[in-house]
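Dear colleague,

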Amino acid sequence: MKEKLVYNKFSDYLKIKYGEKVYKLPVNLPITCPNRMNGSGCSFCAEVGTGFEAMSSSAKVKEQLTSTKRKISEKYHARKFIAYFQNYTNTFMPLEQFKSYIWEAAETEDIVEISISTRPDCIREDYLTFLKEVEEKTNIQMNVELGLQTVNYHTLDFISRGHGLAEFIDAVTMIKKYDFSICTHMILNLPGDTIRDSIEGSKILSALHIDIVKLHSLYIPKNTRLSKAYEDGTITLCSKEEYIRRLAAFLEHLSPDIVVERLFSRIPEKDAVFSNWGTSWWKLQDEFLQFMNEKGIYQGQKYNYLNGSALNRL
Ligand code: SF4
C-alpha cells in the first residue's frame, strides 16, 4: 500500500488546489498569547512558543516573507506561497494592528494563501469579517489554524490550555460561516490521554467537518513545567508503538475528506528533554507506514458513525 492511499496528504491537496507545489513561509510577529499572560501558559510551551525555526519577530512581515521566499524559490523553483503566521496567538492583538500585518502579507508578491495560527478563545466576528474582505479583494485564500490538542477536557485542564472543548466548537462554528478552511492541531500522546481520546478526537473533528488536521507527537521543550514533571517522573509518556497505534486509530476513524498535514512533530533535539523517542522523523514515518500496510489500515476505514448510523442498519 502506498503512502498516498493510507492517508489524505497535505502536499497533494495543495497541488490540486493551486495546480502546483505550494510552500509555507513562516512569519514571526512580536506578540504573545493570552494564556501566557493570564497564567504561565500551556505546560509544554517554550519561551519561544512554537517559532523554533522562524526569523526574528523584529523584521517586518514583508521582509520575512521576501527573504524566505527568495531562498525557497532558488532551491525548488517555487512560484506560489502561503504566508504562515505561526508563532503564539496571531489574532491576540488590537484589530487595527492585525489588519496592518495581514495587509502586508497580502501585498507581498506570489502569496496565494494566508494561514493564521491562533487559539479557539481568540476568534471574533470582526476579525473574520476583515479577513473575508481581504479574501474578496485579493482572491487570496484564508486558512485558520486552531490549537485544540485533545478533546479530553480533563487533559486540557491538566496541561493548562486555558480553554475547553466548547470554545473550540464555538470558534469552528463561527469560522465556518466565512467559508475559510480550518486546520486543527492535535497531540495524540498527552499524559493522561488514551487511545479512546484519539478516536473521540477524530470523530469530533469529522463531525465538525474540519478541513485539515495537523498531528503532533508531544515533545517536551527544555525549561518548561512539563520538562520538570517529566524529569522528576511525575508524568510518563506512552511508547512509540502505542503512539503509532493511536495514530492508526485516529486515521481510520477520520473522515476521508479531511487532509492530514503532519503525523509527527519536528523540533531540534537540542531544544527538548523528550522528542520522538530519540527516533528520526523519517524513521518514524517509515515505521508508521509499515504498521498501516501490515494491518491494512487506511484513513476513513471506520468512518461510519455519522448521519444516523443506527438508522442505516434498519
Ligand atoms: S496556546 Fe500556544 S503560545 Fe499560548 S501558551 Fe499554549 S502553546 Fe504557548
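This is a predicted model: local features need pLDDT of at least 70, side-chain atom pairs count only at pLDDT 80 or more; totals for chains, interfaces and linings use all residues.

I begin with the helix pair. Two packed helices are described by the angle between their axes and the distance between the axes. Helix H5 covers residues 95–106 and helix H6 covers residues 125–138; their axes lie 11 Å apart, at an angle of about 25 degrees. Angles under 35 degrees count as roughly parallel, and H5 and H6 are therefore roughly parallel to each other. Their crossing is right-handed. On the H5 side, the contact is made by Leu-95, Phe-98, Lys-99, Ile-102, Trp-103 and Ala-106. H6 contributes Asp-126, Tyr-127, Phe-130, Leu-131, Val-134, Lys-137 and Thr-138. Divided by class, the residues of this contact are nine nonpolar, one polar and three charged.

Next comes the ligand. The residues surrounding the ligand are Cys-33, Asn-35, Arg-36, Gly-41, Cys-42, Phe-44, Cys-45, Tyr-88, Arg-119 and Arg-161. This shell has five nonpolar, two polar and three charged residues.

Finally, I turn to Ser-275, which is found in the loop between strand E9 (272–274) and helix H12 (281–295). Is Ser-275 buried or exposed? Its relative accessible area is 12%, and buried means under 20%, so Ser-275 is buried. Leaving aside residues up to four places away in sequence, Ser-275 touches Tyr-219, Ile-267 and Glu-269.

With kind regards

Notes: Residues are numbered from 1 along each chain as its sequence is written. Side-chain values use heavy atoms; hydrogens and water are left out. Helices (H or I, at least four residues) and strands (E, at least two) are DSSP runs, numbered from the N terminus. Buried means under 20% relative accessible area, exposed over 50%, partly exposed in between (1.4 Å probe, protein chains only). Contact means heavy atoms within 4.5 Å. A residue is near a molecule or strand if one of its heavy atoms lies within 4 Å of it. Ala, Val, Leu, Ile, Met, Phe, Trp, Tyr, Cys and Pro count as nonpolar, Asp, Glu, Lys and Arg as charged, and the others, Gly among them, as polar. Axes are lines fitted to C-alpha atoms, for helices over the stretch in contact, and angles run from 0 to 180 degrees between N-to-C directions. Angles under 35 degrees count as roughly parallel, over 145 as roughly antiparallel, 65 to 115 as roughly perpendicular and the rest as oblique. A crossing is left-handed if the near helix is turned anticlockwise from the far one by less than a right angle, and right-handed if clockwise.
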